[in-house]
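Let's take a walk through this protein together. Have the chain open in your viewer and follow along as we go.

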Amino acid sequence: MRNKTRVFMYVVVMLSILVCGGAAEAFSGAGSGTEEDPYIIRNIYQLQDVNDDLHAWYELGNDIDASVTSGWHGGGGFIPIGDSSSKFTGYFDGRGHTIIGLHINRPTTDYVGFFGAAYNCEIKNVGLIGVNITGQNQVGGLIGQCRYADPFPTGCYTT
């Protein structure tokens, strides 16, 4: 009986660690999301994590191969960063890196782009190459809908 209790307690502790540990982490990469210590994005999964904190500071640490997104969400692909109700208001510096092969297929959705809706934020120095983006209204490669006070995106391009 004692061994069964010990095994049961071990399972409970391990499940608690898995559940609580996973819920506590909003971003899976390095950094704390502040101006002094921005989140550093190194893969497509961390890039998708930006939706977990739309007000933080982010930087790309390298080029990102996003071609895997064509098979995500039943063919819907990458979920745009920000939408009509939860806009991206943070800071994103691509540091001259590129995101290659991003796929978004949401033909009945408004505010579709790498950033779906971005307001009073800073986006700079990122290139999107070979994107395939489909949406309904307010659709763009880099940003579906944006409202900036200042500055406008700088050093960005989409092909």
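What follows is a tour from the overall layout to the ring contacts, charges, cysteines, backbone and surface.

Before anything else, keep in mind that this is a predicted model. The protein has two helices and 10 strands. Trace the chain from the N terminus and the elements come in the order α-β-α-β-β-β-β-β-β-β-β-β. As for how much is tucked away, buried residues account for 40% of the 159 residues.

Now for the aromatic rings. There are eight aromatic pairs here. Take Tyr39 and Tyr58: their rings sit 5.2 Å apart, centre to centre, with 40 degrees between the planes, which makes a tilted pair. Tyr39 belongs to strand β1 (residues 39-41) and Tyr58 to strand β2 (residues 57-60), and the pair links distant parts of the chain, 19 residues apart. Are these two tyrosines buried or exposed? Tyr39 has a relative accessible area of 11%, so it counts as buried. Tyr58 is buried as well, at 0%.

Phe88 comes from the loop between β3 and β4, while Phe115 is part of strand β6 (residues 115-119), so the contact ties together parts of the chain that are 27 residues apart in sequence. Both Phe88 and Phe115 are buried.

Lys87 lies over the face of Tyr119, 5.0 Å from the ring centre.

On to the salt bridges, of which the structure holds two. In one of them, the side chains of Glu59 and Arg95 meet with an N to O distance of 3.7 Å. Glu59 is in strand β2 and Arg95 in strand β4, so this bridge ties together parts 36 residues apart in sequence.

What about the cysteines? The disulfide count is zero. Cys121 is in no disulfide, and the nearest cysteine sulfur, in Cys146, is 7.9 Å away. Cys121 is buried, with 4% relative accessibility, while Cys146 is partly exposed at 29%.

Next, the backbone. Most residues other than glycine have a negative phi. Which way does His73 go? Its phi is positive, about 50 degrees, although His73 is not a glycine. You'll find His73 in the loop between β3 (64-65) and β4 (91-100), and it is partly exposed, with 47% relative accessibility. Gln138 is another non-glycine residue with a positive phi, in this case near 60 degrees. Gln138 also lies in a loop, the one between β8 (132-134) and β9 (143-147). With a relative accessible area of 41%, Gln138 is partly exposed.

Ile100, Ile129 and Tyr157 together make a nonpolar patch of about 240 Å². Tyr157 sits in strand β10 (residues 157-158). Patches are built from residues with over 30% relative accessible area, and Tyr157, partly exposed at 40%, has the accessibility for that.

Key:
Residues are numbered from 1 along each chain as its sequence is written. This is a predicted model: local features need pLDDT of at least 70, side-chain atom pairs count only at pLDDT 80 or more; totals for chains, interfaces and linings use all residues. Side-chain values use heavy atoms; hydrogens and water are left out. Patches are made of residues with over 30% relative accessible area and no salt bridge: like charges are joined within 9 Å, nonpolar side chains (Val, Leu, Ile, Met, Phe, Trp, Tyr) within 5 Å. Accessible areas come from the Shrake-Rupley method with a 1.4 Å probe; for residues, only the protein chains shown count as cover. A salt bridge is a side-chain nitrogen of Lys or Arg within 4 Å of a carboxyl oxygen of Asp or Glu. Helices (H or I, at least four residues) and strands (E, at least two) are DSSP runs, numbered from the N terminus. Buried means under 20% relative accessible area, exposed over 50%, partly exposed in between (1.4 Å probe, protein chains only). Rings of Phe, Tyr and Trp (its six-membered ring) pair if their centres lie within 6.5 Å; planes under 30 degrees apart count as stacked, over 60 as edge-to-face and the rest as tilted. A charge sits over a ring if NZ of Lys or CZ of Arg is within 6 Å of the ring centre and within 35 degrees of the ring normal. A disulfide is a pair of cysteine sulfur atoms within 2.5 Å.
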